[in-house]
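Subject: Handing over the structure

Dear colleague,

I am passing the structure on to you with this email, and below it you will find notes on what turned up in it. Please read them with the structure open beside you.

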2 protein chains.
Amino acid sequence: MNNSPKEYDSTKILLKVSNVISSPLNLKKICELVLRESQRALGADHASLFLTDDNHKHLILEQARGFTKDEIGNIKLLGSWEVINLQLVKRQKPLIVNNVNSNFLFKGKRLPFSREKLPVSSFIAAPLVKEREVIGVLIVSNKKGSRHIFKKEDMRLIMALSNHVAIALLNAKLYQDLRELFISTIKSLVRAVDAKDPYTGGHSERVMKYSIAIGKAMRLDDVRLENLGLSSLLHDVGKIGIEEELLSKPLKLSSREEKQMMLHPSIGVKIVETIKDAQKIILGIKEHHERFDGKGYPCRLKGNAISLEGRIIAVADTFDALTTDRPYRNGHSKNKAFLEIRRASHKQFDPSVIRAFIISYAKQPDIWNV
Amino acid sequence: MNNSPKEYDSTKILLKVSNVISSPLNLKKICELVLRESQRALGADHASLFLTDDNHKHLILEQARGFTKDEIGNIKLLGSWEVINLQLVKRQKPLIVNNVNSNFLFKGKRLPFSREKLPVSSFIAAPLVKEREVIGVLIVSNKKGSRHIFKKEDMRLIMALSNHVAIALLNAKLYQDLRELFISTIKSLVRAVDAKDPYTGGHSERVMKYSIAIGKAMRLDDVRLENLGLSSLLHDVGKIGIEEELLSKPLKLSSREEKQMMLHPSIGVKIVETIKDAQKIILGIKEHHERFDGKGYPCRLKGNAISLEGRIIAVADTFDALTTDRPYRNGHSKNKAFLEIRRASHKQFDPSVIRAFIISYAKQPDIWNV
């Protein structure tokens, strides 16, 4: 293969790119790499990646590099450029323009940005095609160096790169779709379980939202957050095994009834333990009624002997219980609930979880509906 | 780039391969393509792909090309070859052997096959590495042509190809894992709903198994089969909204009670209609008690006005109801149930679904536990 210094080795670049496409979850990383490699390989000032919206009509900026902060605002407008849309999205053809000012395509056309603000003088662009539909556009602009001209070899590389991005996008989308179907199916079923208890409509979904907010404030990684989400969504699933009469009783429960109610974490464990990889979600379900001081149930676990998931869901669960109406009392205000939970640090709750709860409560009031 | 006729253009081959890796579901296709391209590009007689088992110890043949039927049996043994395992799996290094008979690696080593049966004289092999772990091995064997020698360029290409296969495998595995987690989570929840009715333990899972068997006999495509599976698994989910007392009543239901019970398909629809893409699974749930002659419920739909999913689940559901004990009678034998269902063709059931049911029942007795 010809490796003269002025030419790039497209095989090497493709390999580098395809090596990173190692996970369908890594869409952002893939975009970063593709932009960096195409900008460098083509010796250009900028590179940008646009995706079409769901109606496949408008190009929305996904990522860009090489632009100043002010220019980014203008580069967004490139996506609404008629010429780009016609050639790349409608005709699915790549485009080389080596002089925007003199190119016949732009004669008499108004550019969507002022030339002073965004000095794009030349560019090369390729459509991202997935199953015969254009899902986006890769643009590399302003060739550096003595001749300032994008060539056919540049086109070949950018087309190859755009292929990789299209594939990665497809994979990410398939995965994302399945994930959404999964979560929304579980939500539907959990909603049906919640509906058996007329006082807890939407409870499980809110506890999921609160738990993830606390988990994020504790900087848990994505995999752990996913498992925490599933665990918190299913934390009360064991209530499916509790008599309906008990769940909807408008009076305080007798001690016998309370004992029966306290079985719900264990029943929940029995229900989910047949799930593949259940271990990752089972502890949150089992231990969401344990207390940091060891006075909880079902196992009277103490401190860090309780799983982090159990300690987080305990706080989220209590916040929702306090702020919604119950058979025997009306719900507290959010702030009263917040103060009550903060007071129970070290006793009912883990202080490190409470710290994260306080941070999230202060920084993300919309999540806590404050 | 140097395109002299004797050399292959590795960029082109890589692009061809990466274009096919367009879906994480296409693992088989990817393997086929990688084997074909590597065999052709390297000018060899055979190519084979091995995957490690879950303990990452043994190499299992996944696909091979260029071998006769008899040879395939022997090529499987290559995976248990000590030298392959040490160099490729343990050391994660590629391997070129241009003369098995004289190569020092094999001096005094017993080969796992007799040389007459599998004439492998030279080969080139690369590990498939995923997150620093070897998940398989790509082997191209018996270089054709005048010099019969595998070279460094061959190694470069085979390494690049094995990278692609590893990536595709990882994507497929991530997708597969999520899918399994999804199905097993739904199964757990459905089992909990089934458990409310002491007479129908495991009912939903069996109806899923039967429905998919009928769907396969009708040659539905994979996407439709997946939706049919989910729909049949959830067909009775509406029972979560029926009083427990009614579900477990050991006597025949009164007409008022029967009316209440007949609400379960509609309740099921309400539960699942919040699922993303619910349309694909909702009809099977809604219409599994409709009858082909229009005498079913809840909408008295007739013939093909009933969704195919509804018509299939009706047969699967009835087969399971007939063959399991109910409060008011013991279960029929499988064959009695089979005859009863066949007799109800055109009346309760769609004759084309019944034809598929008969085929599956005859060809796959293990599915129907006959």
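The second largest cavity is lined by Val193(B), Asp194(B), Asp197(B), Thr200(B), His203(B), Asp236(B), Lys239(B) and Leu247(B), where a cavity is, on a 1 Å grid over the protein atoms alone, a set of points where a 1.4 Å probe fits but cannot get out, and lining residues have an atom within 4 Å of a point. By class, this lining has two nonpolar, two polar and four charged residues, with Ala, Val, Leu, Ile, Met, Phe, Trp, Tyr, Cys and Pro counted as nonpolar, Asp, Glu, Lys and Arg as charged, and the others, Gly among them, as polar. The space in the second largest cavity comes to about 50 Å³, a volume being the space filled by probe spheres set on the grid points, which are joined across faces, edges and corners. Over the whole structure, the search finds eight cavities of 30 Å³ or more.

Please bear in mind that this is a predicted model, in which local features need pLDDT of at least 70 and side-chain atom pairs count only at pLDDT 80 or more, while totals for chains, interfaces and linings use all residues. Residues are numbered from 1 along each chain as its sequence is written, chains are lettered from A and ligands numbered from 1 in the order in which they are written, and side-chain values use heavy atoms, with hydrogens and water left out.

Turning to chain A, five strands make up an open sheet with antiparallel pairing, in the order 2-1-5-4-3; helices (H or I, at least four residues) and strands (E, at least two) are DSSP runs, numbered from the N terminus, and two strands pair if DSSP finds at least two bridges between them. At the edges of this sheet are strand 2 (59–65) and strand 3 (95–97) of chain A, each of which pairs on one side only. On average, neighbouring strands of the sheet are turned by 20° against each other, direction ignored, with axes taken as lines fitted to C-alpha atoms, for helices over the stretch in contact, and angles running from 0 to 180 degrees between N-to-C directions. Strand 3 of chain A is joined by three bridges to the antiparallel strand 4 (residues 123–130) of chain A, and within strand 4 of chain A, Phe123(A) is the bridge partner of Val97(A).

Helix 4 (residues 82–90) of chain A packs on this sheet, touching strand 2, strand 3, strand 4 and strand 5 (133–143) of chain A, and its direction makes about 125° with that of strand 5; contact means heavy atoms within 4.5 Å. Helix 5 (residues 152–195) of chain A lies across strand 1 (44–52), strand 3, strand 4 and strand 5 of chain A, at about 35° to strand 4. In strand 5 of chain A you will also find Asn142(A), which has a positive phi of about 60° although it is not a glycine.

Over all chains there are 16 salt bridges, each being a side-chain nitrogen of Lys or Arg within 4 Å of a carboxyl oxygen of Asp or Glu. One of them is formed by Glu205(A) and Arg191(A), whose closest N and O atoms are 2.8 Å apart. Glu205(A) lies in helix 6 (residues 203–217) and Arg191(A) in helix 5 of chain A, so the pair ties together parts that are 14 residues apart in sequence.

Finally, the peptide bond from Tyr297(A) to Pro298(A) is cis, with omega near 5°, and Pro298(A) lies in the loop between helix 11 (279–286) and helix 12 (308–323) of chain A.

Notes:
1 Å grid on protein atoms, 1.4 Å probe; cavity = no way out; pocket = protein on both sides within 12 Å on 5 of 7 lines; lining within 4 Å.
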